[in-house]
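Reader: I am new to this structure. Please show me how to read its features one at a time.

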Amino acid sequence: MTPPATRPLVAGNWKMHKGPREASVFCDAFAAALEAEPAGSADLLLFPSAVALGAVARHPIVERVGVGAQTVHPEPSGAFTGELSAEMAVDAGATWALAGHSERRHVFGESDADVAARVRACLRAGLRPMVCVGETLEERRRGHLEGVLRRQLEAVLPPLDDTAADAWAIAYEPVWAIGTGETASPDDAREAHLLLRRVLGDHGRAVPRILYGGSVKPDNAGELLATEAVDGVLVGGASLDPASFRAIAGASDPR
Ligand code: PEP
């Protein structure tokens, strides 16, 4: 197994917030915040709405911040009204895409097979997939944490057969901690991340960066980023504000 990357990855998922104009305003403010106080050690990434991808990708901030789509359709083009293909996301300037975010799984009904199809589409188009996995509260209470994470991760391993560890990532996002203000404890995060590494090891796979996501805020980011086996964070609500996303981005820097 290859050792984990040393630079943490701090990513923001804007969900259905910010059109192109608001995205540009954010980028101006975030660039100014980074200029005033650079977040030195972290790689940075934003997942704007589909309609704001181009605005972020054309902003000078992309010298410092990567850009990704929140989801892509499995097909490259066709009669799929309202959808975004991986090829179109690349055309708009994306280099990453989320696959299997819990809202896609639980609100839009995407199955493990659907997530694998989206990972395949990312790789076909040259996007780096960030595969989200995580258990519901009910699954955790029933003792199904390992089974759920193993099933969700194993579903995407076949398309990733020939993909280098630095060309994809995993986000462990316990569903009960997303947008709820509940954060997994560092011990919970460590347990899940080590479990995911074990699953990868069982399949002889190199380990990509594994991010923690779920109510990450400026005041808990440092502790989570310092946790064993946590290689970064995926941030929802707190990534919408330039100052709070800047604070999270800098939370891994030595003080
Ligand atoms: C997310 O949407 O991936 C997420 C982790 O959201 P929040 O930080 O708001 O819980």
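Pocket, ligand and cysteines

Author: Keep in mind that this is a predicted model. Begin with the largest pocket: 19 residues line it, and Met16, Gln70, Thr71, Arg104 and Phe108 are the ones nearest its centre.

Reader: How much space lies in the largest pocket, and what classes of residue make up its lining?

Author: The space in the largest pocket is about 530 Å³. Its lining comprises 9 nonpolar, 6 polar and 4 charged residues.

Reader: Which residues come nearest to the ligand?

Author: There are 14 residues around the ligand, and those that come nearest are Lys15, Glu173, Gly179, Ser215 and Gly236. Sorted by class, this shell has 4 nonpolar, 8 polar and 2 charged residues.

Reader: Where do polar atoms of the protein lie relative to oxygen atoms of the ligand?

Author: A polar contact is a pair of N or O atoms within 3.5 Å. Lys15 places a polar side-chain atom 2.8 Å from a ligand oxygen, and His101 has a polar side-chain atom 2.9 Å from a ligand oxygen. With Gly237 it is a backbone N or O atom that lies 2.9 Å from an oxygen of the ligand. The ligand taken alone exposes 290 Å², of which the protein buries 97%.

Reader: How many disulfides does the structure hold?

Author: A disulfide is a covalent bond between the sulfur atoms of two cysteines. This structure holds 0. Cys122 is in no disulfide, and the nearest cysteine sulfur, that of Cys132, is 11 Å away.

Reader: Is Cys122 buried or exposed?

Author: Buried means under 20% relative accessible area. Cys122 counts as buried because its relative accessibility is 0%. Cys27, at 1% relative accessibility, also counts as buried.

Definitions and conventions. Residues are numbered from 1 along each chain as its sequence is written. This is a predicted model: local features need pLDDT of at least 70, side-chain atom pairs count only at pLDDT 80 or more; totals for chains, interfaces and linings use all residues. Side-chain values use heavy atoms; hydrogens and water are left out. On a 1 Å grid over the protein atoms alone, a cavity is a set of points where a 1.4 Å probe fits but cannot get out, and a pocket is an open set with protein on both sides within 12 Å along at least five of seven lines; lining residues have an atom within 4 Å of a point. Grid points are joined across faces, edges and corners, and a volume is the space filled by probe spheres set on the points. Ala, Val, Leu, Ile, Met, Phe, Trp, Tyr, Cys and Pro count as nonpolar, Asp, Glu, Lys and Arg as charged, and the others, Gly among them, as polar. A residue is near a molecule or strand if one of its heavy atoms lies within 4 Å of it. A polar contact is a pair of N or O atoms within 3.5 Å; within protein, one must be able to donate a hydrogen and the other to accept it, and residues adjacent in sequence count only if both atoms are side-chain atoms. Accessible areas come from the Shrake-Rupley method with a 1.4 Å probe; for residues, only the protein chains shown count as cover. A disulfide is a pair of cysteine sulfur atoms within 2.5 Å. Buried means under 20% relative accessible area, exposed over 50%, partly exposed in between (1.4 Å probe, protein chains only).
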